Amino acid sequence: MTVRYADFRDITIADFDAVVVGSGFAGAVAARELAEQAALNVLIIEKRYHIAGNMYDEYDAAGILVHRYGPHIFHTNSQEVFDYLNRFSAWSAYQHRVLADWYGTYLPVPVNKSSLEIAFGDEKAARLIEKLIATFGDERKVTLNELRAQADPELAEVADFVYENVFLYYTQKQWGLTPEEVDPSVTARVPVFISRDDRYFQDTYQGMPEEGYTRLFENLLGHERITVCLETEAESVFELVFESGAEDAPLQAIRIKDEDFEGPIVYTGPLDELFLARFGRLPYRSLDFVYETYDENYHLPCGTVNYTVTEDYTRITEFKWLTGQTGSKTTIMKEYPRPYDDPATQIPYYAIIDDDNDARYERYRRLTDALPNFYPLGRLAQYRYFNMDKVVVDALAVSRRIMFRLDHPDAPDDIDAETGATPAVS
């Protein structure tokens, strides 16, 4: 079934049992579950001109299927998530590989045995690999902190090489930081693989939707009980009703078209934008994308090349590697990280998480605590970075919670929607 679209101006809100804000994985999965499993009529409000959120892809002028908001490679260890999405798309067997451009020489990343041979030469690399295996075992993943904790100075040399040539400058560009501002706890987790496995992800299930992400979302949202309103911002059509005029007064109701909407509202947008940034904006990093098309089969040796010691951009993605397309033309995309300064023209990609920003987010979230039908869901509404599979898992869980609430309106607030149990009293 095709997606049912409507103009918000023509909507009668009384015709709907649930409202979902956003049509990325969080909103789309929740909408499908509520429509299919609970037989609710679901209205999706989407601020963009298209569905699928940041997973949106389309064919460019050269006929190449490109991801308009950065490359998205599906990977998961969850059988549940893989089986669920298999309902809406067939999947290719693509496994992502990434190279770092090290002053014109390509190194596999994460750094592995092959990377060490390229960086240090065969003879020294053989000695380093022997020491790594003797210390940690073969086919293992170790962190820079673990390497630096060893007495052998050559293992510390490996850690320093990876830090300086793979991690540092890339991270500075990505987050707009000086070397002194780079979080040591993040540095500590940078991995080195004691293996020949050059895949970027090691998850059990990996791949790309064979007909693209947009088609997957069309299948996901193609349900008779789901209606989608594009180019509709929640903050412009929601009237927020507060318990009092105080700045921190909790949200009492959300009115839509002059009616209190009492059904479940799944909100996947930024909470600070919903509340018109009354406590100040939550900071993010944004991205600019530059596309280039070439008259050649391939421009890069793999799907993504990271520029870890040179260039203003962080990486280039060549989409034909991801999609499996063939032909005499190819399109690449360069990514330039930017501060997130203007919500009207930019997209928030990466939350800048620290104690102050977490506290500000919690202040926004607490405004919704008293509204029992409001469910913040996803990376923007929860101010966290989540992989796609995590968002799907959370959307399924929230949907089950909503359905449990609808079936058991008098159940205690802390009851487990999965088991029906309440927490044990200690």
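Predicted model: local features only at pLDDT ≥ 70, side-chain atom pairs only at ≥ 80, totals over all residues.
Residues are numbered from 1 along each chain as its sequence is written, and side-chain values use heavy atoms, with hydrogens and water left out.

**Confidence**
- The average pLDDT (the predictor's confidence in each residue, from 0 to 100) is 95 for the protein, and 97% of the residues score at least 70.
- Residues 421–426 stay under 50 in pLDDT, and the model has seven contacts for them beyond four places in sequence; a contact means heavy atoms within 4.5 Å.

**The sheet around β12**
- Six strands make up an open sheet with parallel pairing, in the order β1-β12-β3-β2-β16-β22.
- Strands here are DSSP runs of E with at least two residues, and helices are runs of H or I with at least four, numbered from the N terminus; two strands pair if DSSP finds at least two bridges between them.
- At the edges are β1 (4–5) and β22 (374–376), each of which pairs on one side only.
- β1 and β12 run parallel and are joined by two bridges.
- Strand β3 (residues 42–45) also runs parallel to β12 (residues 226–229), with four bridges between them.
- V42 stands opposite I226, and I44 has V228 as its bridge partner in β12.
- I226 and V228 point one way from β12, T227 and C229 point the other way, and all are buried; buried means under 20% relative accessible area, exposed over 50%, and partly exposed in between, using a 1.4 Å probe and protein chains only.

**Nonpolar cores**
- A nonpolar core is a set of buried Ala, Val, Leu, Ile, Met, Phe, Trp, Tyr and Cys residues joined through side-chain atoms within 4.5 Å.
- The largest one has 59 residues, and F25, V42, F217 and L221 have the most contacts inside it.
- Apart from that core lies another of 37 residues, including L43, F238, F279 and L367.
- Leaving aside neighbours within four places in sequence, F25 is in contact with M55, L85, L216, F217, M388, V391, V392 and A395.

**Cysteines**
- A disulfide is a covalent bond between the sulfur atoms of two cysteines.
- Counting pairs of cysteine sulfur atoms within 2.5 Å, a search of the whole structure finds zero disulfides.
- C229 counts as buried because its relative accessibility is 0%, and C302 counts as buried because its value is 7%.

**Helix α3**
- In helix α3 (residues 113–120), the buried residues are K113, S115, L116, A119 and F120.
- They lie on the same side of α3 because they cover an arc of only 155 degrees around the axis, taken from the directions from the helix axis to the C-beta atoms.
- These buried residues pack against β7 (98–102), β8 (105–109), α4 (122–136), α6 (153–175) and β10 (191–194).

**A look at A370**
- A370 sits in the loop between α12 (355–366) and β22.
- With a relative accessible area of 40%, A370 is partly exposed.
- Not counting residues up to four places away in sequence, A370 touches E243, P250 and L251.
- From A370 to F161 is 51 Å, C-alpha to C-alpha, and the two are 209 residues apart in sequence.
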